[in-house]
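Biologist: Can you walk me through this one? Keep it short, please.
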Amino acid sequence: MENILRKFLLYIADSKRLEHFTTHSRITKPVVSKFIAANDLKTTLSICEELAEKNYLSALDYLGENSTTKKESKKAVTSYINILKGIDASKEKDSMNIAIKLTQCGLDISEEYAEGNYRKVLDQGKKNNIFVRVDMEGSKYTEQTIRMIENVYHEYPNTGTVLQSYLYRTTKDVVRLTKLGSRIRMVKGAYLEPKTIAYPNKRDVDKSYLETCKYLLRHGNYPAIATHDEEILSELIRYIHLQGIPKDAFEFQMLYGIRNDLQKKFIDDGYNVRAYVPYGDSWYPYFMRRLAERPANVAFILKNIFRKS
Ligand SMILES: Cc1cc2nc3c(=O)[nH]c(=O)nc-3n(C[C@H](O)[C@H](O)[C@H](O)COP(=O)(O)OP(=O)(O)OC[C@H]3O[C@@H](n4cnc5c(N)ncnc54)[C@H](O)[C@@H]3O)c2cc1C
């Protein structure tokens with residue numbers, strides 16, 4: 001049942017009609033604010049500064065994906081550049097970096113066009129000495145994303161991407177990007193993928209997650225372990241102790257508003273913890289993926305609806 005609900009939520013995450021309805025509904029607003037930091041950059045930067053005072057690192061994410069016109073992608077690139085300038089001007093600059101999406105840069109228009117836009121963001125990142133992470137999107141973009149990292153990495157070592165343990169291909173991609181030397185964030189994967197290319201069972205996704213993280217902890221360049229899965233995290237902590245891996249050789253990452261207790265616990269234990277902080281108006285697909293990850297979040301929304309009526 002949970003799996004059907006998950007698939008349904010991921011399916012409607014692509015619906016433009018539902019996006020319009022949901023983003024204009026007053027009912028969803030209080031629930032959305034649990035996962036989305038703010039609408040604007042200024043507020044988001046001050047949230048990240050407050051986090052930094054509590055020893056958190058943060059990654060700012062300007063919400064939106066799949067620009068279909070050059071005008072839209074230019075707007076996204078301008079926003080990315082403004083984030084980098086905003087971080088550069090912050091008193092907590094060293095605690096922040098940025099996550100971007102290649103489809104926002106225009107990957108659906110053409111790979112060459114998106115790469116040109118990505119390079120503009122990288123130029124600013126290089127100038128300000130800020131790391132630029134490319135989020136990984138649906139499998140349609142996996143090869144293009146990895147190829148683009150390979151194209152730019154030697155010129156811009158301040159960039160890296162994300163790999164998803166639910167894809168069969170990931171064990172090879174982990175080795176491929178580790179050889180390149182770029183930083184990798186390891187996640188389980190948040191999109192609806194067919195079983196021809198992705199593990200359909202959570203157990204296999206988790207197993208692959210553990211194995212790839214262990215590989216990255218041994219061989220990777222400052223890997224990011226991005227999960228809220230307590231069991232997996234405990235196993236990885238055991239592994240880190242066993243291998244004598246220093247605490248500053250990697251970081252944990254979690255999403256803003258999710259498992260705050262766990263985030264704080266790791267900070268108190270002296271680990272590097274980065275919160276992924278999304279902001280902006282185009283929150284619908286991001287929000288739907290968060291619901292799909294935990295069907296209990298749907299119950300939280302329903303409760304909110306009944307409380308309002
Ligand atoms: C920092 C960060 C960046 C990410 N970047 C990407 C990316 O670029 N591409 C991509 O495909 N995916 C990305 N993801 C999402 C990722 O793929 C998973 O969908 C997401 O992290 C949920 O999986 P999990 O590892 O937390 O484990 P799960 O097995 O899904 O969950 C384990 C436990 O975590 C808690 N939990 C998980 N999700 C939620 C939620 N939404 N609400 C409340 N509790 C929850 C619950 O307690 C749950 O039992 C990112 C995740 C993080 C943390």
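Biologist: Which residues form one aromatic cluster?
Modeller: F250, F252, F266 and Y271 do. Rings of Phe, Tyr and Trp (its six-membered ring) pair if their centres lie within 6.5 Å; planes under 30 degrees apart count as stacked, over 60 as edge-to-face and the rest as tilted. This is a predicted model: local features need pLDDT of at least 70, side-chain atom pairs need 80 or more, and totals for chains, interfaces and linings use all residues. Numbering starts from 1 along each chain as its sequence is written, and side-chain values use heavy atoms, without hydrogens and water.

Biologist: How many aromatic pairs are there in the whole structure?
Modeller: The search finds ten. Take Y276 and Y286: their ring centres are 6.3 Å apart and their planes are at 5 degrees, so the pair is stacked.

Biologist: Where do those two sit in the chain?
Modeller: Y276 is in strand β8 (residues 273–279) and Y286 in helix α12 (residues 284–293). Helices (H or I, at least four residues) and strands (E, at least two) are DSSP runs, numbered from the N terminus.

Biologist: Are Y276 and Y286 buried or exposed?
Modeller: Both are buried. That means under 20% relative accessible area; exposed is over 50%, partly exposed in between (1.4 Å probe, protein chains only).

Biologist: New topic. Why is strand β5 called largely enclosed?
Modeller: Five of the five residues of β5 (residues 183–187) are buried, so the rest of the structure largely encloses it. R183, R185 and V187 are on one side, I184 and M186 on the other.
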